[in-house]
Amino acid sequence: MQRSAFLFAVAAMAAPGCNRDGPAAGPARPRVALVVKTLNSPFFIDMQKGAQEAAGRLQVDLVVQAAEREIDVERQMQIVENLVQTGVKALAIAPSGSREIVPALVKASAAGVPVIVVDTQVDAAAAAEAGLKLATFIGSDNYEGGRLAGRHLVEVTGGKARVGILEGIPGHETGDSRLRGFRDALKDAPGVAVVASQTANWERDQGYSVFQNMLQAHRDLDAVFACNDMMALGAVEAIAAAGRTGQVRVFGFDAVDDARKAIEAGSMVASVAQFPSEMGRVAVESAVRILKGENVPEDQRVRIELVGKGAAR
Amino acid sequence: MSRVGRALAGGRELGSLAGLAGLCGLLFALTPHFLTVPNLLNVLEQTSINAVIAVGMTFVILSGGIDLSVGSIVALSGVALAEALQAGWPPLAAVLAGAGVGALAGLLNGLLITRGRLPPFIATLGMMSVARGLALLVTDGRPVSGFDAGFRSLATARVLLVPAPALVTAVVCLAAQFVLARTRFGRYVYAIGGNEEAARLSGVAVRFHKTAVYVLSGLASALAATILTARLNSAQPIAGIMYELDAIAAAVIGGTSLKGGSGTVAGTLIGALIMGVLRNGLNLLGISSFLQQVVIGLVIIGAVLLDALLKSPDER
């Protein structure tokens with residue numbers, strides 16, 4: 001009995017957090033869900049902000065949720081199942097797994113909830129096999145971003161360099177596309193050789209240790225391309241620890257604040273900027289248009305740009 | 001000693017059950033979406049993976065041990081199962097292959113602990129890393145996905161509305177409850193956890209039983225991996241990270257003592273349901289995942305704190 005009293009106390013304490021959901025939301029505001037991969041990365045926080053601004057403007061009751069851990073697809077599936085129960089009218093989602101999320105989206109779709117995919121593509125073959133129809137995709141052209149970084153590397157190094165790559169988690173469409181774009185850009189530059197390519201699982205600390213090992217194995221590395229800035233910043237620190245700042249050029253992806261600072265300070269050369277807040281905005285706008293019965297394009301690419309010294313703000 | 005422990009555990013179950021009922025009542029009052037048949041069935045399905053692992057974990061904790069490798073075993077046996085399916089094995093054979101991998105990993109844990117005299121924490125910490133690494137090596141870090149509908153029905157099938165994973169969980173719980181409460185094996189597990197030396201002196205085959213609980217835990221992880229793989233239509237080498245902590249939390253919330261010798265499967269199931277209902281309810285209410293973690297942490301601490309307060313001073 002005492003334990004139940006305790007649980008009441010806990011839940012009562014948690015209850016004020018739910019006021020967004022309460023009856024105060026007014027009569028005919030459609031409820032739209034945005035499920036992201038995590039809410040502890042600046043990227044998805046920006047996306048949330050963009051979505052919230054659009055929701056305020058368009059009179060949408062927006063719920064934003066994410067799993068505790070970015071890679072926990074099973075938990076993301078649970079969130080989708082639970083949100084469908086609350087009667088959301090549209091679901092925008094940044095999938096934690098391109099294939100694993102398909103069964104969850106099939107459930108949403110079967111409940112009549114249109115699915116808007118943001119940032120990370122759903123695997124086309126898996127979706128087709130499950131008979132899943134997606135309303136639209138909104139995201140950066142990661143392949144093009146990788147190419148931008150690759151072309152810039154060729155330019156900056158004068159077409160002669162030995163390059164290391166820090167990959168994201170294998171099987172993630174985002175990282176794979178960036179990598180393909182980057183490698184394709186190097187095809188026209190015979191003097192640029194990729195001598196090592198390993199995953200650092202998107203993480204800063206792993207970026208540090210993996211690149212430290214790479215530097216040990218290949219003392220003649222001139223440049224590194226990391227598929228996100230977290231790993232790039234790890235590499236920056238590994239280079240500093242080896243006393244080789246300025247000798248190894250670092251290229252990242254995402255143009256997060258720390259990376260922009262590193263670019264201004266000269267410890268990074270460039271990063272590719274995405275615009276997650278625009279993705280959030282377009283996701284909510286698309287949801288509203290779909291609910292009105294309007295057509296939205298199948299594929300909506302958000303702008304992407306290279307950020308180098310001087311251009312970084 | 002163990003009889004006293006079990007008697008006490010009965011009282012604790014009632015406490016946990018009251019907690020679960022109170023939580024459900026509160027959510028019912030806060031949101032109209034909680035107490036609906038589809039939502040409650042979702043909760044059962046969502047709880048199944050943690051519940052199955054936690055039942056295996058309960059055997060280990062009752063014997064006085066701990067198994068940190070369950071999450072990694074979920075990944076490894078899931079990957080083994082998925083690779084077997086993709087190689088064209090019939091679903092049953094593939095599931096058995098996954099179970100074999102889980103049991104083997106558990107057996108190694110058990111042997112390292114009983115023959116190698118490693119503390120359970122260390123042996124299973126090592127296995128946690130080995131199994132995870134093997135899962136990544138086998139798959140090259142990529143998920144293995146795309147299975148036929150026959151296998152997937154393990155997650156998608158409904159029997160009289162009830163999702164198959166929930167039924168599997170019910171069968172596992174009933175079987176485990178029977179083994180622990182009604183068989184000599186179960187009594188010996190309690191006895192070893194209560195006082196290993198006394199159990200050994202009374203002629204209990206301590207090493208055999210201690211090894212067996214890790215095999216059971218490995219099997220439970222493999223079964224959870226089967227549900228997970230069918231649910232996501234995919235096996236990921238990075239699946240199951242931190243599942244060990246969820247399983248330990250379920251057992252502990254359900255009144256199982258980490259010192260061994262006291263606790264029940266029913267308690268663990270209630271513990272898993274409390275966690276599942278909490279996560280579900282906080283989703284329905286639109287509460288952030290950050291606060292969810294705080295609440296679940298507080299529930300774990302509160303449950304154990306209450307247990308300690310309810311005990312007589314000489315038992316602490």
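Guide: Start in chain A with strand β3, residues 90-93, and strand β4, residues 115-118. They pair in the parallel sense, over 3 bridges. Take one residue of the pair: Ala92(A) has Ile116(A) in β4(A) as its bridge partner. Strands of a sheet pair through backbone hydrogen bonds, either parallel or antiparallel.

Now widen the view. β3 and β4 belong to an open sheet of 6 strands in chain A. Read across, the order is β2-β1-β3-β4-β5-β11, and the pairing is parallel. Two strands of chain A form the edges: β2 (61-66) and β11 (299-302). Each of these edge strands pairs on one side only. Neighbouring strands are turned against each other by 20° on average, direction ignored.

How far can you trust the picture? This is a predicted model. Chain A averages a pLDDT of 88, and 90% of its residues score at least 70. Be careful with residues 1-26 of chain A, where the pLDDT is below 50. That stretch still has 43 contacts in the model beyond near neighbours in sequence. Chain B averages a pLDDT of 91, with 95% of its residues at 70 or above. For the complex, the predictor gives an ipTM of 0.82 and a pTM of 0.82.

Next, see where the chains meet. 48 residues of chain B are in contact with 44 residues of chain A. On the chain B side, the elements that give two or more residues are α1 (2-30), α2 (37-62), α10 (206-232), α12 (265-284) and α13 (289-310). By class, this side of chain B has 22 nonpolar, 22 polar and 4 charged residues.

Two packed helices are described by the angle between their axes and the distance between the axes. Take α10(B) and its partner α4(B), residues 91-114. Their axes come within 7 Å and cross at roughly 150°. The two helices are therefore roughly antiparallel to each other. α4(B) passes α10(B) in a right-handed crossing. The residues of this contact divide into 15 nonpolar, 11 polar and 2 charged.

Turn to α12(B). Helix α7(B), residues 164-182, packs with α12(B) at an angle of about 150°, and the axes are 9 Å apart. From α7(B) come Cys173(B), Ala176(B), Gln177(B) and Leu180(B). From α12(B) come Val265(B), Ala266(B) and Leu269(B). This contact has 6 nonpolar residues, 1 polar and no charged.

One more pair in chain B: α3, residues 70-86, and α5, residues 120-139. Their axes come within 8 Å and cross at roughly 30°. α3(B) and α5(B) are therefore roughly parallel to each other. α3(B) passes α5(B) in a left-handed crossing. On α3(B), the contact uses Ser72(B), Ile73(B), Ala75(B), Leu76(B), Val79(B) and Glu83(B). On α5(B), the residues include Met127(B), Met128(B), Ala131(B) and Arg132(B). By class, this contact has 10 nonpolar, 2 polar and 2 charged residues.

How values were computed: Residues are numbered from 1 along each chain as its sequence is written. Chains are lettered from A and ligands numbered from 1 in the order in which they are written. This is a predicted model: local features need pLDDT of at least 70, side-chain atom pairs count only at pLDDT 80 or more; totals for chains, interfaces and linings use all residues. Two residues are in contact if their C-beta atoms, placed from the backbone, lie within 7 Å. Helices (H or I, at least four residues) and strands (E, at least two) are DSSP runs, numbered from the N terminus. Ala, Val, Leu, Ile, Met, Phe, Trp, Tyr, Cys and Pro count as nonpolar, Asp, Glu, Lys and Arg as charged, and the others, Gly among them, as polar. Two strands pair if DSSP finds at least two bridges between them. Axes are lines fitted to C-alpha atoms, for helices over the stretch in contact, and angles run from 0 to 180 degrees between N-to-C directions. Angles under 35 degrees count as roughly parallel, over 145 as roughly antiparallel, 65 to 115 as roughly perpendicular and the rest as oblique. A crossing is left-handed if the near helix is turned anticlockwise from the far one by less than a right angle, and right-handed if clockwise. pLDDT is the predictor's confidence in each residue, from 0 to 100.
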